[in-house]
Amino acid sequence: MIPVNEPIIGAREQEYVLECLQSGWVSSAGKFIETFESTWAQYCGRKYGVTTSSGTTALQTSLACLDLKPGDEVIMPTFTIISCALAVIYNGGTPVLVDADHETWCMNVDQVEDRITDHTRVIMPVHIYGHPVDMNPLLTLAEKHNLAVIEDAAEAHGAEYLRGHKREDQEWVRCGSMGTMSIFSFYANKLVTSGEGGMIVMNDSDLASKARSIRNLCFEPEQRFLHNNLGHNFRMTNMQAALGLAQTERIHETVELKRRMGQKYTENLSDIKGVQLPVERSWSRQVYWMYGILLDKSHEMTASELADHLSSLGIQTRPFFLGMHAQPALQDLGLFQSEDYPVADHLSQNGLYLPSGLALSEQQMDEVCAAVHNILT
Ligand SMILES: Cc1ncc(COP(=O)(O)O)c(C=O)c1O
């Protein structure tokens with residue numbers, strides 16, 4: 001079986017994790033936590049990093065820092081993982097959706113302004129499958145309406161965005177550098193993994209202290225077992241941070257490798273008719289976290305039939321996200337009644353992603369491309 005993802009765990013990772021085991025620093029205290037936080041924050045061009053137990057809890061913690069009130073609204077894409085909506089709901093807010101862009105598959109930024117109301121507090125852009133959201137319009141709206149931006153860069157380690165494109169003062173910046181707070185996941189299928197884990201990065205020292213407190217049960221520093229606020233245990237362990245740090249030390253190579261892999265898939269698959277492949281805009285340098293393909297209506301086959309064919313040839317794939325508006329668990333809360341998101345529905349029904357892990361060999365990639373050609377042409 002060619003797996004949809006397999007990470008590369010190198011000698012440095014083993015050395016650092018072994019150091020935790022041998023020294024006994026196995027829980028959430030220990031030197032690797034702070035080093036991982038500062039190294040990753042610096043890579044993203046941020047002042048502070050706060051590790052968490054996952055990307056999901058990074059989202060939860062960042063929204064908890066904003067003290068949402070019941071009825072406060074957070075604008076997000078429908079085409080994303082449920083972690084985004086859960087973080088809003090668990091913090092007492094209401095998710096408000098926009099459809100996907102049919103080319104980048106990220107949120108359609110042209111739909112955001114119409115969704116802003118007196119209750120809007122946050123915009124939550126999510127860089128989907130490694131491609132940056134077009135952030136300029138969102139950052140302008142956030143400033144105009146005094147909204148926080150929680151940037152979800154879980155899938156976009158090292159991806160870059162031409163901030164201010166169309167303006168003179170444009171500059172390339174990394175995903176994760178643009179939100180009031182920006183979050184990452186370090187789950188095993190990400191470019192940098194800590195096994196399970198996440199991080200929030202930011203420039204504001206008060207938000208950093210608040211996030212640190214919330215992820216650690218809001219212990220009062222002066223009197224440990226006194227709690228003035230409700231927190232969570234969302235801590236990362238030193239062992240996870242050791243793994244994440246070792247991976248971060250070769251992030252530049254990893255990003256280059258992922259970009260080469262994505263470009264190779266595009267070269268080999270672009271002659272297949274009726275298949276839409278990941279794009280890269282003049283303002284984006286994407287990292288092809290997962291290499292998605294989208295069948296158009298000229299194919300009789302659905303994405304799930306294509307997945308079955310590939311699976312019978314020993315090639316693992318994953319379906320695209322199912323939109324938040326189509327999630328029974330969220331509809332049962334009375335959310336998104338009679339709302340329509342045709343682009344997200346099209347993506348969910350017709351998209352899947354191919355094996356995209358760092359350990360995928362050239363030969364395996366050739367095998368995947370040959371199989372896709374045989375089935376679709
Ligand atoms: C866009 C996005 N946000 C958040 C998460 C949640 O991260 P985790 O799985 O680490 O909880 C994921 C997970 O892959 C994700 O894809």
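Residues are numbered from 1 along each chain as its sequence is written, and side-chain values use heavy atoms, without hydrogens or water. Because the model is predicted, local features need pLDDT of at least 70 and side-chain atom pairs count only at pLDDT 80 or more, while totals for chains, interfaces and linings use all residues.

**Ligand shell**

The ligand is surrounded by 13 residues (a heavy atom within 4 Å), and the closest are T56, D152, E155, S185 and K190. By class, this shell holds four nonpolar, six polar and three charged residues (Asp, Glu, Lys and Arg count as charged; Gly is among the polar ones). Helix 3 (residues 55–64) supplies the largest share, three residues; helices are DSSP runs of H or I with at least four residues, and strands are runs of E with at least two.

| Side chain | Distance to a ligand oxygen atom |
|---|---|
| T56 | 2.5 Å |
| S185 | 2.7 Å |
| K190 | 2.7 Å |

Of the 390 Å² of accessible area that the ligand has on its own, the protein covers 91% (Shrake-Rupley method, 1.4 Å probe).

**Pocket**

A pocket is an open set of points on a 1 Å grid where a 1.4 Å probe fits, with protein on both sides within 12 Å along at least five of seven lines; lining residues have an atom within 4 Å of a point. Among the 24 lining residues, I81, E155, K190, W289 and F321 lie nearest the centre.

How values were computed. A polar contact is a pair of N or O atoms within 3.5 Å; within protein, one must be able to donate a hydrogen and the other to accept it, and residues adjacent in sequence count only if both atoms are side-chain atoms.
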